[in-house]
Amino acid sequence: MTSVMMTDVVEHLPPAEEKRIERLLAKARTALVLEHPFIGNVALNLPYIVDYGVKTAATNGKNIRYNPHFVDSLNDEERKFLVAHECLHPMLEHTYRRNGRNHKRWNQAADYVINKLLDDEKIGKMPQGGLLDNNIHQAGGGTTDGIYNILPEPDDDGNNGHGDPLDDCQDGDGSPAEQAQEAAEWKVRVAQAAQAASARGGVGAQQTAARVEAIRNQLLQQQYDYGLKLSGIGDQITLGAIRTGLEADRYVNQLSNTYFTNVARTLAGSPTVIQYGVPA
Ligand SMILES: [Zn+2]
């Protein structure tokens, strides 16, 4: 039996190279803000951190860690997809409700949900090898929990007949109570972002209001359910809010898709703080 020697040592790039790649990410994020402000505004609040210890990219809901070699290997559209992908993990609370389920299988299920959303909305371009399959998506009811349930358990080598996730969605830090709190904050953040997107679009405001109300009710319910931890019931509701936000962006983009109009709209509609990665 032959074994392939895997090396854990990843070459660290010179600071100037790291800076160049950081700017590529910042450029992808700026493009997201201009073209898809619903997700772009979420991206502005997730700082980037260089981490040669991750193979591609990773998130725990607090930041996006990335391997510069991987980011450099992508093109502009793929980087846009990657940044949006990382935002959607905590938006869908994947970081807080794995509940001890198999890490890889959970990541695969989460990616099947996210990649389909981004592909449907034509946000960037999925990097090669990403998990995208309409039949699996449909068979699993379009939710992370549903798709998890129909995926086989990986064997000891991590194989289950499905490919590798794009990235590593990790569990949030802290105690269960802190994680529940963070998950609740993400719910509110998604609801507010969807509401803002609808307001920008001037459409679907009623629909969004109803979804925000549903999320509030769910948060109340979770106070009773605390101890059962977060379950899959949130997926459908949050997915609804996310789809509303994306729809609103799409509507606005149909109305006006020139660069300068996008800039004006974004400046007017997004009171956000840029934390990191602004090109010098
Ligand atoms: Zn992922």
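Biologist: Which residue in strand 3 is the bridge partner of Ile49?
Modeller: In this predicted model, the bridge partner of Ile49 in strand 3 is Arg65, where a strand is a DSSP run of E of at least two residues and a helix is a run of H or I of at least four, both numbered from the N terminus. Residues are numbered from 1 along each chain as its sequence is written. Because the model is predicted, local features need pLDDT of at least 70 and side-chain atom pairs count only at pLDDT 80 or more, while totals for chains, interfaces and linings use all residues.

Biologist: How many bridges join strand 1 to strand 3, and do they run parallel or antiparallel?
Modeller: Strand 1 and strand 3 (residues 64–66) run parallel and are joined by three bridges; two strands count as paired if DSSP finds at least two bridges between them.

Biologist: And what order do the strands of the sheet have?
Modeller: The sheet is open, with four strands in the order 1-3-2-4 and mixed pairing. Strand 1 (48–50) and strand 4 (168–169) each have a single partner strand and stand at the edges, so one side of each is left without a neighbour in the sheet.

Biologist: Switching to helix 1, which residues there are buried?
Modeller: Ile21, Leu25, Ala28, Arg29, Leu32 and Val33 are buried in helix 1, meaning that 20 or more other C-beta atoms lie within 10 Å of a residue's own, whereas exposed means 12 or fewer and partly exposed means in between, with C-beta atoms placed from the backbone. These residues cover an arc of only 145 degrees around the axis, which puts them on the same side of helix 1; the arc is that of the directions from the helix axis to the C-beta atoms.

Biologist: Where is Asn99, and what is its phi near?
Modeller: Asn99 sits in the loop between helix 4 (76–91) and helix 5 (103–121), and its phi is near 55 degrees, a positive value in a residue other than glycine. Most residues other than glycine have a negative phi. Asn99 counts as partly exposed, because it has 14 C-beta neighbours inside 10 Å.

Biologist: Is Lys122 buried or exposed?
Modeller: Lys122 is exposed, with 12 other C-beta atoms within 10 Å, and it lies in the loop between helix 5 and helix 6 (134–139).

Biologist: Where is confidence lowest and where highest?
Modeller: By pLDDT, the predictor's confidence in each residue from 0 to 100, confidence in the chain is lowest in helix 11 (residues 259–269), at a mean of 55, and highest in strand 2 (residues 57–59), at 98. The chain averages a pLDDT of 82, and 74% of the residues score at least 70.
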